[in-house]
Amino acid sequence: NKYCGGEGTELSDAGKLLNQTEDDWPTFNSKEYICKVLQLALQATAGLAYAHQQGVIHRDIKPANLLLDTTGHLWIADFGLAHGELGGDITLTGEVLGTLRYMSPEQAQGSRGEVDCRSDIYSLAATMYELLTLHPVVDANTQPDMLRQILVDEPRPISFYRASIAPSLDCIFQKALAKDPEDRYSQIEQFADDIRTYLNEG
């Protein structure tokens with residue numbers, strides 16, 4: 001899909017990267033690929049940090065809502081859930097199931113009062129995990145199985161798919177994807193700081 005934003009700049013759905021259709025991207029197995037994905041993550045954290053400072057929680061971070069323009073700048077799209085509440089039962093439409101893959105445990109449980117910036121941290125981590133591994137954190141296809149994976153099952157570490165990475169990257173994503181919000185980064189800037197440290201050490 002193509003999107004138009006800013007002054008008519010065409011934006012590409014970041015989800016295309018999962019199919020490796022971007023000609024100017026490094027190959028998946030390269031160290032450069034990891035660095036590029038993590039640099040995208042830093043752009044996303046900067047945008048979300050600004051939103052959080054304004055008291056806005058996005059609540060729907062996923063690959064389709066992270067858009068790249070032709071210069072490599074990342075835009076965060078669709079703040080449609082930002083001021084709304086997650087209400088009602090989760091239905092089995094394709095769109096909702098797609099969102100469910102990246103939904104934090106507290107959102108999946110309908111814990112409206114507990115949804116804060118840590119939910120965006122989880123969803124961003126789930127999105128970047130998928131870009132790094134080409135495997136979603138939640139890979140089930142039915143609502144009950146997806147909810148079980150979100151609420152109970154621990155995702156495989158990134159090193160399961162990329163044996164060459166430093167253990168610190170596993171630790172960063174383990175913290176960002178913790179089931180309990182109290183075990184996650186409390187602010188998205190902390191997530192960014194650890195990613196930046198990992199890149200600098202690499």
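Reader: Taking helices (H or I, at least four residues) and strands (E, at least two) as DSSP runs numbered from the N terminus, where does L134 lie?

Author: L134 lies in the loop between α4 (117-133) and α5 (143-151). This is a predicted model, in which local features need pLDDT of at least 70 and side-chain atom pairs need pLDDT 80 or more, while totals for chains, interfaces and linings use all residues. Residues are numbered from 1 along each chain as its sequence is written, and side-chain values use heavy atoms, without hydrogens and water.

Reader: What is the phi of L134?

Author: The phi of L134 is near 65 degrees, a positive value in a residue other than glycine. Most residues other than glycine have a negative phi. L134 counts as partly exposed because its relative accessibility is 32%; buried means under 20%, exposed over 50%, and partly exposed in between, with a 1.4 Å probe and protein chains only.

Reader: And which loop holds R59?

Author: R59 is in the loop between α1 and β3, and its phi, near 75 degrees, is also positive. At 14% relative accessibility, R59 is buried.

Reader: Is K62 buried or exposed?

Author: K62 is buried, at 11% relative accessibility. K62 sits in the loop between α1 (31-53) and β3 (66-69). Beyond its neighbours within four places in sequence, K62 has contacts (heavy atoms within 4.5 Å) with T99, Y102 and T127.

Reader: Turning to helices, how do α7 and α8 cross?

Author: The axes of α7 (residues 167-176) and α8 (residues 188-201) come within 10 Å and cross at roughly 170 degrees. The two helices are therefore roughly antiparallel, a term for angles over 145 degrees.

Reader: Which residues meet there?

Author: From α7, S168, L169, I172, F173 and A176 meet F191, D194, I195 and Y198 of α8. By class, this contact has seven nonpolar residues, one polar and one charged.

Reader: How many aromatic pairs does the structure hold?

Author: The structure holds three aromatic pairs, that is, rings of Phe, Tyr or Trp (its six-membered ring) with centres within 6.5 Å. The F160 and Y161 ring centres are 5.0 Å apart and the planes stand at 85 degrees, so this pair is edge-to-face, the class for planes over 60 degrees apart. Ring pairs also link F173, Y185 and F191 into a cluster.

Reader: What lies over the face of Y185?

Author: K175 does, at 5.4 Å from the ring centre. For Lys, this requires NZ within 6 Å of the ring centre and within 35 degrees of the ring normal.

Definitions and conventions:
Axes are lines fitted to C-alpha atoms, for helices over the stretch in contact, and angles run from 0 to 180 degrees between N-to-C directions. Angles under 35 degrees count as roughly parallel, over 145 as roughly antiparallel, 65 to 115 as roughly perpendicular and the rest as oblique. Ala, Val, Leu, Ile, Met, Phe, Trp, Tyr, Cys and Pro count as nonpolar, Asp, Glu, Lys and Arg as charged, and the others, Gly among them, as polar. Rings of Phe, Tyr and Trp (its six-membered ring) pair if their centres lie within 6.5 Å; planes under 30 degrees apart count as stacked, over 60 as edge-to-face and the rest as tilted.
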